[in-house]
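This report describes the fold of one protein chain and then turns to selected residues. Please keep the sequence and the structure in view while reading.

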Amino acid sequence: HSHTSCICSFLLDQYFASAASPFSSSNGSYEWQSEVLGLLVWTLIAGTEYFLYPAFGWVMFVAVFYWVLTVFFLIIYMTMTYTRIPQVPWTMVGLCFNGSAFVLYLIAAIVDASSVTKDLDNHNYNSWAASSFFAFVVTSCYAGNTYFSFISWRSRTLQ
């Protein structure tokens, strides 16, 4: 785990981890972190006049889209619904989801950071700068998720 992992997410990861879970690994804390920090990204932007600048609209789309999907997958994980639907290749689903989230969040974070300037709107500068920082942190969480999803997928396909 990274140094940014909190005790609470570690305990939740240990509590929900099971050998049968396609989501089990040390990526559970990254799931919780990406959920909380992703919420921060889009709420920081939503509190501004982002709709005047198309770049921030793209960042909002990516942040809200992946936040909702992450909530969906967390509910599937916490309720162990994946055990009732064995036909779905959950490790592949997790790998594709996390890989796409990493790539699109990286693009959104770069767009967010390159769009932040005091020249546009001094009033919203701090919120946009903070959202840019947290977008890169969420990107790193999804990168960690992608890595652990790849390891899980690889171990299941080699069996």
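A residue is called buried when its relative accessible area is under 20%, exposed when it is over 50%, and partly exposed in between, with a 1.4 Å probe and only protein chains considered. By this criterion, buried residues account for 40% of the 159 residues in the protein chain. The model is a predicted one, in which local features need pLDDT of at least 70 and side-chain atom pairs count only at pLDDT 80 or more, while totals for chains, interfaces and linings use all residues. Residues are numbered from 1 along each chain as its sequence is written, and side-chain values use heavy atoms, with hydrogens and water left out.

**Helices and their packing**

The protein chain contains five helices and zero strands; here helices (H or I, at least four residues) and strands (E, at least two) are DSSP runs, numbered from the N terminus. Read from the N terminus, the order of elements is α-α-α-α-α.

Two helix pairs are described in the table. Axes are lines fitted to C-alpha atoms, for helices over the stretch in contact, and angles run from 0 to 180 degrees between N-to-C directions.

| Helix pair | Angle | Axis separation |
|---|---|---|
| α3 (residues 54-78) and α4 (residues 90-115) | about 155° | 9 Å |
| α4 and α5 | about 160° | 8 Å |

Angles under 35 degrees count as roughly parallel, over 145 as roughly antiparallel, 65 to 115 as roughly perpendicular, and the rest as oblique. The angle of about 155° between α3 and α4 therefore makes α3 roughly antiparallel to α4. Helices α4 and α5 are likewise roughly antiparallel to each other.

A crossing is left-handed if the near helix is turned anticlockwise from the far one by less than a right angle, and right-handed if clockwise. The crossing of α3 and α4 is left-handed, and α4 and α5 also cross in a left-handed manner.

**Selected residues**

Is N98 buried or exposed? N98, a residue of helix α4, is buried because its relative accessible area is 3%. N98 and N145 are 47 residues apart in sequence, yet their C-alpha atoms lie 6.0 Å apart in space.

M92 also belongs to helix α4. With 32% relative accessibility, M92 counts as partly exposed.

M80 is located in the loop between α3 and α4. Its phi is near 60°, a positive value in a residue other than glycine. M80 is partly exposed, because its relative accessibility is 38%.

F136 lies in helix α5 (residues 125-157) and is partly exposed, at 35% relative accessibility. Together with L106 and I110, F136 forms a nonpolar patch on the surface, with about 230 Å² of accessible area in total.

Definitions and conventions. Patches are made of residues with over 30% relative accessible area and no salt bridge: like charges are joined within 9 Å, nonpolar side chains (Val, Leu, Ile, Met, Phe, Trp, Tyr) within 5 Å. Accessible areas come from the Shrake-Rupley method with a 1.4 Å probe; for residues, only the protein chains shown count as cover. A salt bridge is a side-chain nitrogen of Lys or Arg within 4 Å of a carboxyl oxygen of Asp or Glu.
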